[in-house]
Amino acid sequence: MKLYIESLKMHFKSTIEYKTSFILGFLSQFLVFFTYYFIILALFSKFSNIKGFTVYEVLLTFSIINFGYSTNEFLARGIDTFDNLIIDGSFDRILLRPRNILLSVLCSNINFVKISRILQSIIVFIIAISNLDIDWNITRIICLVLMFISSIIVFFSIFLLMASYCFLTVQALEVRNIFTDGGKNIAKYPMGIYKKGVLLFFTYIIPFALVNYYPLLYLLGKSNNIFYAYSPIIVLLYLIPAFLSFKWGIKKYTSTGS
């Protein structure tokens, strides 16, 4: 952890060396993100709800999913761009260091510009939650916290699985985008609006529904099933195949010859 904190400090100092670039990048990310927000508002200008979910309920889901994705883009950028480490030979150097390999990968790239997206997610969350009439109790508060945590975990797991895929193909840009950007765009709406087959896939294969659908039903009072409130905890299990696949990839890695 001390190494990661020192790495954060180093990357921050490096970032603010180019203040203009950082500010412009921060503002551009901030403005681009809100196009998705206005798209949702435009959609609901024609429809009062989507399969029973109102605009602010969708915005709540949208903010939680984007918070998890943006947090990983900020703190786990090294894993998200893992193919670059393999291509330029940097991963070979990481293997020679007497440090935890995954931690070294995380420290290799930290993107402070992505903080803008985290802030935007918080803003949209505040807008959504202030317009929803939720009967708060301790279980619903825990449920909401678990939704945010599980959102971070599910995207971290996907990033790690895509990094593992790079051991086989070196580059995995298109496949990675399907599951990261594509997954984010699908999961920004409650999974219950999709067909049953899609819901089952995103429950048992990629557990977005355990982040933004089942706990959402309990949080909004659409279901009294207490299991739904704690269902985000199951997302922790998704880390197991992610870590195992990455460990397997390291054992099979033979360098690209760069």
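Here's a quick briefing on the fold, the core, the aromatic rings and a few individual residues.

This is a predicted model, so a word on ground rules: local features need pLDDT of at least 70, side-chain atom pairs count only at pLDDT 80 or more, and totals for chains, interfaces and linings use all residues. Residues are numbered from 1 along each chain as its sequence is written, and side-chain values use heavy atoms, with hydrogens and water left out.

**Overall fold**

- The protein chain has 16 helices and 0 strands; these are DSSP runs numbered from the N terminus, with helices being H or I of at least four residues and strands being E of at least two.
- For 258 residues, a compact globule would have a radius of gyration near 18 Å, and the protein chain agrees at 19 Å. That radius is taken over C-alpha atoms, and the globule rule is 2.2 Å times the number of residues to the power 0.38.
- The C-alpha trace spans about 55 × 40 × 35 Å along its principal axes.
- Buried residues account for 50% of the 258 in the chain. Buried is under 20% relative accessible area, exposed is over 50%, and partly exposed is in between (1.4 Å probe, protein chains only).
- Take the contacts (heavy atoms within 4.5 Å) with a separation of 6 or more: 77% of them involve residues 24 or more positions apart.

- In soluble globular proteins, nonpolar side chains tend to be buried together.
- The largest nonpolar core here has 77 residues, and Leu-60, Ile-79, Phe-82, Phe-91 and Phe-208 touch the most other members. Helix 9 (residues 138-169) supplies the largest share of this core, 15 residues.
- A core in this sense is a set of buried Ala, Val, Leu, Ile, Met, Phe, Trp, Tyr and Cys residues joined through side-chain atoms within 4.5 Å.
- Setting aside neighbours within four places in sequence, Ile-79 is in contact with Leu-102, Val-105, Leu-106, Phe-156, Phe-159, Leu-160 and Ala-163.

**Aromatic rings and charges**

- The whole structure holds 20 aromatic pairs. Rings of Phe, Tyr and Trp (its six-membered ring) pair if their centres lie within 6.5 Å; planes under 30 degrees apart are stacked, over 60 edge-to-face, and the rest tilted.
- Phe-125 and Phe-148 make an edge-to-face pair, because their ring centres are 5.1 Å apart and their planes sit at 80°. Phe-125 lies in helix 8 (residues 115-130) and Phe-148 in helix 9, so the pair ties together parts that are 23 residues apart in sequence.
- Phe-201 is partly exposed at 36%, while Phe-202 is buried at 8%.
- One aromatic cluster is formed by Tyr-69, Phe-155, Phe-159, Phe-201, Phe-202 and Phe-208.
- Two charged ends sit over rings: Arg-140 over Tyr-218, 5.0 Å from the ring centre, and Lys-222 over Phe-53, at 5.3 Å. To count, NZ of Lys or CZ of Arg must be within 6 Å of the ring centre and within 35 degrees of the ring normal.

- Asn-212 is in helix 13 (residues 209-212) and is buried, at 1% relative accessible area.
- The side chain of Asn-212 reaches the backbone oxygen of Tyr-189 at 2.9 Å. That's a polar contact: a pair of N or O atoms within 3.5 Å where, within protein, one must be able to donate a hydrogen and the other to accept it, and residues adjacent in sequence count only if both atoms are side-chain atoms.
- Beyond four places in sequence, Asn-212 has contacts including Thr-61, Ile-65 and Met-147.
- Ser-151 is in helix 9 and is buried, at 0%. A polar atom of the Ser-151 side chain lies 3.4 Å from the backbone nitrogen of Gly-68.
- Ser-63, in helix 3 (residues 55-75), is buried at 0% too. Not counting residues up to four places away in sequence, Ser-63 touches Ser-121, Val-124 and Phe-125.

**A partly exposed spot**

- Ile-226 is found in helix 15 (residues 226-230) and counts as partly exposed at 44%.
- Not counting residues up to four places away in sequence, Ile-226 touches Thr-139 and Tyr-218.
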